[in-house]
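Have a look at the model first.

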Amino acid sequence: MKKKIIISISVIVLIVAAVLVKNFVTTRNINNKDLLAEKIKAEENLDSVKVRKTVKNKNMVFVLYEDSKKQIGLAILKNEGVILKRYTYFGGTSPNEYSYGTYNTSDPKKTIIVVLGNNNGDGERYEFKAYGKTYTEDISKQKDILKVYWLTYEDTKGKNTYDELIVYDKNNNEIDLYK
């Protein structure tokens, strides 16, 4: 009888340990850029990843990264844990040849717009219009651009959607985003 109880308890302990290990393997340590890079590399099926900038905003972490071709991408991790800070892969953009770009997603309660880019010293500022409001940011002193905008349902209700990102140089000329 004691032997059956010990075996039962051992099986339960092994199952709990397996579940905990699985949860920790699928979560991300957001403070370690090497671990972040490894996870993004696996999620996006890339040869190599270098984390360039991270921004923690609300319950998400936004990661600007570059691949082996020096193309930039965006990975978004979402905190799924209440007590433990467990971050799981939420989405993002695959690396592409553009110097600047945006990512946006929405649900009934909010819209998230992320502006990302590799400013090689050309960009002075960017702007875009979303839902009747113009957003502008000085980027003259930034190499890696990663800015997150959270819009509520009230911000977006009954208004036009998102307009294209425009980046300006110091002479107020538009920069070709596809170079």
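What follows covers the overall layout, the aromatic rings, the charges over rings and a surface patch.

A bit of housekeeping: this is a predicted model, where local features need pLDDT of at least 70, side-chain atom pairs count only at pLDDT 80 or more, and totals for chains, interfaces and linings use all residues. Residues are numbered from 1 along each chain as its sequence is written, and side-chain values use heavy atoms, with hydrogens and water left out.

**Layout.** The protein chain has three helices and ten strands, taken as DSSP runs (H or I, at least four residues, for helices; E, at least two, for strands). Reading from the N terminus, the order is α-α-β-β-β-β-β-β-β-β-β-α-β. Of the contacts (heavy atoms within 4.5 Å) with a separation of 6 or more, 48% are between residues 24 or more positions apart. Of the 179 residues, 38% are buried, meaning under 20% relative accessible area; exposed is over 50%, and partly exposed is in between (1.4 Å probe, protein chains only).

**Rings.** Rings of Phe, Tyr and Trp (its six-membered ring) pair if their centres lie within 6.5 Å; planes under 30 degrees apart are stacked, over 60 edge-to-face, and the rest tilted. That gives four aromatic pairs. Two of them are tabulated here.

| Pair | Centre to centre | Angle between planes | Class |
|---|---|---|---|
| Y126 and F128 | 6.5 Å | 15 degrees | stacked |
| F128 and Y135 | 5.1 Å | 15 degrees | stacked |

Which residues do the ring pairs link into a cluster? They are Y126, F128, Y135 and Y149. Y126 and F128 are both buried; F128 has a relative accessibility of 2%, and Y135 is buried too, at 11%.

**Charges over rings.** Here the rule is NZ of Lys or CZ of Arg within 6 Å of the ring centre and within 35 degrees of the ring normal. K58 lies over the face of W150, 5.1 Å from the ring centre. R125 has its charged end over the ring of Y168, 4.1 Å from the centre.

**Surface.** The chain's accessible surface is about 11,200 Å², with 52% of that belonging to carbon and sulfur atoms; areas come from the Shrake-Rupley method with a 1.4 Å probe, and for residues only the protein chains shown count as cover. I5 is part of helix α1 (residues 2-25) and counts as partly exposed because its relative accessibility is 44%.
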